[in-house]
Amino acid sequence: MTAHYFIATLKPIPEYHTIENNYPFLNGEAYKERLPFTLPYIYELGGDDIEFITFLDSSMEIGDVVELYIFEEGRQGYPLSHNYPEEARTINLLKKNYKNQYGEYQLDSKKWIEELSRRTIASKRSVTTFVKY
């Protein structure tokens, strides 16, 4: 089994498209048809949750949206991931809150990155949407 972490963005990630690309992103276009994203630019993500959350917080502008999804492949490339929209999560980086099927939670304004990294932010069962508005 192979797990891929993908993000989709409204606009290209400028750091990805530079010659000195030191960011943990790969082009995810090969998987585009198999992913439940609604946004046009697809990247495969590497790195840990804290690094990813910190990158999003610093790079997202007011009004931006980023989607996150885990795509798992089994033998011979058969997908093991399924999208259940009712399990989706929404994380607002401006308001510092986390919303899932069970409710909405306010994160601590001083240690929200650590608090968020301990929650489930990615799933093979639904898309997580990060917003900043």
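Two rings of Phe, Tyr or Trp count as an aromatic pair if their centres lie within 6.5 Å. Keep that in mind. The model on screen is a predicted one. Searching the whole structure turns up 5 aromatic pairs.

Take Tyr31 and Phe71. Their ring centres are 5.7 Å apart, and their planes meet at 65 degrees. Planes over 60 degrees apart count as edge-to-face, so this pair is edge-to-face. Where do the two residues sit? Tyr31 is in the loop between β2 and β3, while Phe71 is in strand β4. They are 40 residues apart in sequence, so the pair ties those parts together.

Buried or exposed? Buried means under 20% relative accessible area. Tyr31 has 17%, so Tyr31 counts as buried. Phe71 has 2%, so Phe71 is buried too.

Next, Phe37 and Tyr69. Here the centres are 6.4 Å apart and the planes stand at 80 degrees, so this pair is edge-to-face. Phe37 belongs to the loop between β2 and β3, and Tyr69 to strand β4. That links parts of the chain 32 residues apart. Both Phe37 and Tyr69 are buried.

Back to Tyr31. Together with Phe6 and Phe71, Tyr31 forms one aromatic cluster. Tyr31 also has a polar contact, side chain to side chain, with His4, at 3.2 Å. His4 is in strand β1. His4 has a relative accessible area of 9%, so His4 is buried. Among the residues His4 touches are Tyr31, Tyr69 and Phe71.

Last stop, Arg119. Which rings does Arg119 lie over? One is Tyr98, at 5.0 Å from the ring centre. Another is Tyr105, at 4.8 Å from the ring centre.

Technical notes
Residues numbered from 1 in each chain as written. Predicted model: local features only at pLDDT ≥ 70, side-chain atom pairs only at ≥ 80, totals over all residues. Heavy atoms only, no water. Helix = DSSP H or I, 4+ residues; strand = E, 2+ residues; numbered from the N terminus. Buried < 20%, exposed > 50% of the residue type's maximum accessible area, 1.4 Å probe, protein only. Polar contact = N/O pair within 3.5 Å; in protein donor to acceptor, adjacent residues only side chain to side chain. Contact = heavy atoms within 4.5 Å. Phe/Tyr/Trp six-rings, centres within 6.5 Å; stacked < 30°, edge-to-face > 60°. Lys NZ or Arg CZ within 6 Å of the ring centre and 35° of its normal. Lists of a residue's contacts leave out its neighbours within four places in sequence.
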